[in-house]
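Dear colleague,

I am passing on the structure below, together with a short account of the charged side-chain pairs in it. Please have it open while you read.

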Amino acid sequence: MKEVGWKLKTVPEIKMPSYMIPQVDSPRFIPLFTKLHIFNATRYKAVLFLDSDMSVLGDMMPLFDRYVPELRARRLNLGWVHDQPYSVFKGSSANAGMMLVIPDTRLFLDLVGSITTLQFDVKMSEQGFLNKYFENKCLLLPDAYNYNAVIALRNQTLWKATELSSIVIFHHTIAKPFYTTADIVCLYNNHYHICQIWKKIDQLNLTVTSRD
């Protein structure tokens, strides 16, 4: 990552309260409140957060050129994409795998302080929390910026109608391409067609370029 210009920064874990841990859907959700640090990244005018199971397929700069000004004009701090309505995670209305954030330290401190006081869907960890905290206080972005693999299972019409070239960020939910058992998982769950998109992505020969 450093070779293409990324700066790496280590942040302390924001721990999930112990009484919430038995309620989460998966152990991998336990440390995810650490994501809240992006709201305190005030050395940047705007921050784009992406989960590690995402593939960037297109130009992300419209997020900064078009949607960051819109966030500022509407005095909002968060832009993200609506979660799939037929997702197994019924308690979430937006997906926290991709977030466009206007950092603010006071907001960050209030977020951290609200973890134990806000009533939210604990099953979904930080996603349930952020959906409740930013309820009616966020900007919903087009699906292309967090195109969820679950669409292949839950919305075949949309899946078949979507050209790969129109997807900016593809979210590998369900089966992760970096898991050694990924192909087996795809076959077992009868959604091997999702796995095929990895090969299509590889064939795009994507390159990383900097923008001055």
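The model is predicted, so local features need pLDDT of at least 70 and side-chain atom pairs count only at pLDDT 80 or more, while totals for chains, interfaces and linings use all residues. Residues are numbered from 1 along each chain as its sequence is written, and side-chain values use heavy atoms, with hydrogens and water left out.

The structure holds five salt bridges, the term meaning a side-chain nitrogen of Lys or Arg within 4 Å of a carboxyl oxygen of Asp or Glu. One of them joins Asp51 to Lys35, with the closest N and O atoms 3.3 Å apart. This pair links distant parts of the chain, 16 residues apart, since Asp51 lies in the loop between strand E1 (47–50) and strand E2 (54–56), and Lys35 in the segment before E1; strands are DSSP runs of at least two residues, numbered from the N terminus. Lys35 is buried at 8% relative accessibility, whereas Asp51 is partly exposed at 22%, where buried means under 20% relative accessible area, exposed over 50% and partly exposed in between, for a 1.4 Å probe and protein chains only. Salt bridges also link Lys35, Asp51 and Glu126 in a network.

Another salt bridge pairs Glu70 with Arg74, the closest N and O atoms being 3.2 Å apart; Glu70 is partly exposed at 26%, and Arg74 is partly exposed at 45%. Glu135 and Lys132 form a further salt bridge, at 3.4 Å between the closest N and O atoms, with Glu135 partly exposed at 44% and Lys132 partly exposed at 39%.

Methods
Helices (H or I, at least four residues) and strands (E, at least two) are DSSP runs, numbered from the N terminus.
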